[in-house]
Amino acid sequence: RESDHRAWTPVSYTVTRQNATVQGLIEGKAYFFRIAAENIIGMGPFTETTKEIVIRDPITVPDRPEDLEVKAVTKNSVTLTWNPPKYNGGSDITMYVLESRLIGKEKFHKVTKEKMLDRKYTVEGLKEGDTYEYRVSACNIVGQGKPSFCTKPITCKDEIAPPTLDLDFRDKLIVRVGEAFSLTGRYSGKPAPKVTWLKDDIVVKEDDRTKIKTTPTTLCLGILKSVREDSGKYCVTVENSTGSRKGFCQVNVVDRPSPPVGPVIFDEVHKDHMIVSWKPPLDDGGSEITNYIIEKKDAHRDLWMPVTSATVKTTCKIPKLLEGKEYQIRIYAENLYGISDPLISDEMKAKDRFRMLFICLYYFDTLNFILFVVLMIFYFSPGVPDAPEQPIIKDVTKDSAVVVWNKPYDGGKPITNYIVEKKETMATRWVRVTKDPIFPSTQFKVPDLLEGCQYEFRVSAENEIGVGDPSPPSKPIFARDPIAKPSPPVNPEAVDKTKNSVDLSWQPPRHDGNGKIIGYLVEYQKVGDEEWKKANLTADSCPETKYKVTGLTEGLTYKFRVKAVNAAGESEPAYVPDPVEVKDRLEPPELILDANMAREQHVKAGDTLRLSAVIKGVPFPKVSWKKEDREVSPKADIEVTGVGSKLEIRNTVHEDGGIYSLTVENPAGSKTVSVKVVVLDKPGPPRNLQVSEVRSDSCYLTWMEPEDDGGSVITNYVVERKDVASAQWVAISSSSKKRSHMAKYLMEGTQYLFRVAAENQFGRGPYVETLKPIKAMDPLHPPGPPKNLHHVDVDKTEVSLVWNRPDRDGGAEITGYLVEYQEDGADEWTKFQTVPMLDCVVTGL
């Protein structure tokens with residue numbers, strides 16, 4: 001009855017067992033129940049439930065937690081994590097109970113007395129060398145659920161792995177002065193390795209420019225604003241108790257050279273030429289001197305004139321001198337990275353030896369002395385300044401330009417002012433650019449130009465005598481913002497080569513000349529030749545900072561250079577530092593194994609198996625994967641890239657386990673590594689389930705272990721039964737380690753099915769089920785013989801017989817009695833009939 005009603009409703013009148021299922025109840029309502037026994041005489045009194053029962057889904061203990069894993073192991077601690085149960089029993093999880101068992105002991109013990117809700121815990125204070133296994137249970141308001149599957153035995157010891165080192169830099173590195181550079185890489189090892197940086201065998205220390213950063217997996221040495229002294233051989237050492245690994249890099253910090261060493265020596269002096277010499281720079285900037293630039297100038301003027309820019313000798317002839325004038329010489333040294341500051345000589349007059357003596361003797365002739373004096377006075381009398389040379393225009397913008405000129409001869413009186421004039425090219429009238437005096441500067445920024453117009457400029461010098469003649473007009477210029485040629489590309493280098501090609505790479509120029517870089521021109525020259533050949537005809541065919549030069553001849557040595565190009569033209573070339581011999585580069589294969597290529601790899605069934613390694617070698621090696629010296633399964637995805645290879649098998653099954661090998665091979669050699677893969681899975685079904693010794697309340701089950709244990713030891717068997725009239729299986733044992741079980745507490749006369757499944761640490765396998773139902777009843781035997789058989793009447797053709805029941809019925813109700821007769825002296829009995837009662841009349845005798 002419902003708790004708020006008084007009327008009782010019958011559920012069943014035919015229950016013969018001590019349990020019944022009440023159906024048709026309403027969820028959330030409260031009910032009372034009562035039961036009475038009945039026999040042939042009548043119904044006995046009812047027994048009623050003491051309190052109301054609310055209908056709702058039952059709350060049970062939680063399922064076992066899942067995925068208990070060991071995350072870290074040291075000599076005195078173990079860190080574990082797990083996931084919550086799939087079903088919490090209908091109530092929130094209130095705590096977890098973590099237990100451990102020392103291998104060799106029988107019982108598990110709680111790890112902590114504290115209430116634990118986090119699903120991660122570090123067990124500390126363990127003894128080094130001891131081996132434990134762990135399990136965890138979940139609790140709710142009902143109680144503690146089943147423990148999880150145990151971990152594998154875990155020995156307390158520090159994990160050991162030799163150091164590995166993977167560097168991001170090459171054996172050689174060239175850096176410009178002032179630039180920053182860094183040496184980076186990744187490393188691993190257990191215990192954590194110590195990282196040490198050396199430069200030329202001396203430990204590198206941090207300062208304002210030198211920074212060292214080390215994380216548990218990466219390492220980095222960085223140097224800011226590099227200087228020439230940063231050049232050297234750098235070494236990084238990664239070391240722990242199991243070994244060490246080293247990496248090297250030769251760093252060359254390059255710069256323009258220092259000035260040539262003076263003084264400039266005048267080896268020969270003549271009226272029209274001189275021969276000078278000097279010494280090379282003390283510092284070539286890290287790159288050989290490619291040439292010297294020599295310039296000359298009249299000692300009384302500011303204009304330097306080029307002599308040559310293509311000599312590598314430290315001596316040079318200075319031609320086209322004017323007799324009697326004094327000259328200065330300046331010399332620059334040049335390498336691939338720039339031009340040095342100049343070395344400037346003392347003043348030296350161009351004259352033949354003994355020439356002045358001859359002139360003096362000639363003019364001191366008494367007849368001509370007066371004429372000589374008159375000529376000198378006329379010659380040296382003051383006048384207006386000479387016209388300046390043609391001015392140079394620079395720093396042109398859309399509305400201004402800088403006019404630069406050299407100081408002319410002052411005419412014997414100091415120059416007091418310069419007059420700068422401008423005119424449009426197609427105009428005829430010159431206009432003074434400013435009324436303000438311009439002196440002593442020999443350059444002037446002309447403002448207020450009109451964008452897009454073409455202009456010419458000229459300059460006149462003025463002294464107290466007057467204004468001299470104007471200079472020749474400058475070259476015409478357009479008033480617009482300039483696009484200059486770019487600077488040369490940076491750090492060109494040969495990064496790879498074959499028997500007929502060379503791969504070059506470089507960095508963009510530091511200055512693009514205020515114009516977009518269209519591309520690059522790559523040129524090459526066979527060593528010994530003078531002619532440079534173009535590898536690409538147009539700059540736009542090489543827009544990126546790399547290029548493969550093809551069509552080269554195997555065995556020959558070539559030089560390479562690169563120019564940047566924008567709308568203003570080509571930059572100066574940047575040279576690859578060293579000539580390159582064209583031939584195939586051979587490096588034997590090298591395998592850098594990832595963590596998943598350890599000696600033995602375990603993977604759960606259904607998960608993805610991944611095996612991978614980094615591959616090096618030139619040419620890039622041929623890659624092949626094998627399993628047990630045969631081709632791998634078609635379900636395996638194999639990927640080969642330019643740096644490594646990966647094998648991946650999704651949804652692994654037990655058959656995917658085995659020995660996998662990776663072989664890499666090129667003309668320089670071959671290398672093979674192997675890994676044992678174990679696919680861990682739930683066990684298969686038990687075999688040969690048999691039922692014997694059936695009784696009214698029990699039976700005996702036996703079975704054989706599964707053919708496949710899933711790669712892990714069978715921890716226990718789960719045994720369940722089911723009434724054939726019910727849809728639900730009931731567990732009768734979940735921890736049996738034996739391959740047999742006595743099923744007890746059966747209800748007599750009920751038919752049952754039984755099933756058994758095996759469990760290991762990865763879960764429960766499929767069930768094996770009995771083929772036919774088993775009825776719970778004691779075994780049957782033939783009944784005993786009837787007792788006291790005798791006749792009670794006899795006639796000439798029939799006999800009336802009676803008898804008593806036998807002492808035993810054989811375990812079942814007697815259904816009838818078989819009556820037989822035999823003639824006297826005969827050997828065989830003749831069947832008469834079967835009768836249900838204890839008497840019979842035998843007729844037909």
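**Salt bridges, strands and overall form of a predicted chain**

Let me begin with one side chain: Arg650 has a relative accessible area of 45% and is therefore partly exposed. Here buried means under 20% relative accessible area, exposed means over 50%, and partly exposed lies in between, with a 1.4 Å probe and protein chains only. The model is predicted, so local features need pLDDT of at least 70 and side-chain atom pairs count only at pLDDT 80 or more, whereas totals for chains, interfaces and linings use all residues. Residues are numbered from 1 along each chain as its sequence is written, and side-chain values use heavy atoms, with hydrogens and water left out.

Arg650 forms a salt bridge with Asp637, and their closest N and O atoms are 2.5 Å apart. Arg650 lies in the loop between strand E52 (644–649) and E53, and Asp637 in strand E51 (residues 637–640), so the pair ties together parts that are 13 residues apart in sequence. Asp637, at 38% relative accessibility, is also partly exposed. By salt bridge I mean a side-chain nitrogen of Lys or Arg within 4 Å of a carboxyl oxygen of Asp or Glu. Strands (E, at least two residues) and helices (H or I, at least four residues) are DSSP runs, numbered from the N terminus.

How many salt bridges does this rule give? The count is 35. One of them joins Arg135 to Glu99, with the closest N and O atoms 2.9 Å apart. This pair links distant parts of the chain, since Arg135 is in strand E10 and Glu99 in strand E7 (residues 95–102), 36 residues apart. Glu99 is buried, at 11% relative accessibility, and Arg135 is partly exposed, at 21%.

A further salt bridge is formed by Glu759 and Arg764, whose closest N and O atoms are 2.7 Å apart. Is Glu759 buried or exposed? Glu759 is buried, because its relative accessibility is 1%, while Arg764 is partly exposed at 29%.

I turn now to the chain as a whole. It has 2 helices and 68 strands, and 35% of its 845 residues count as buried. The C-alpha atoms fill a box of roughly 210 × 70 × 55 Å along the principal axes. The radius of gyration is 54 Å, whereas a compact globule of 845 residues would have one near 28 Å; the radius is taken over C-alpha atoms, and the globule rule is 2.2 Å times the number of residues to the power 0.38.

Five strands form an open sheet with mixed pairing, in the order E47-E54-E53-E49-E50. Strand E47 (600–604) and strand E50 (630–631) are its edge strands, each pairing on one side only. Two strands are taken to pair if DSSP finds at least two bridges between them. Within the sheet, strand E49 (residues 622–627) and strand E53 (residues 658–666) run antiparallel and are joined by 6 bridges. Ser624 stands opposite Thr663 in E53.

Finally, the record. An unreviewed UniProt entry lists "domain: Fibronectin type-III" for several ranges, including residues 64–159 and 785–845; such annotations may be inferred rather than shown by experiment, and feature names are shortened, with positions in the numbering used here. Residues 64–159 are 0% helix and 43% strand, with end C-alpha atoms 30 Å apart. For residues 785–845 the values are 0% helix, 48% strand and 24 Å.
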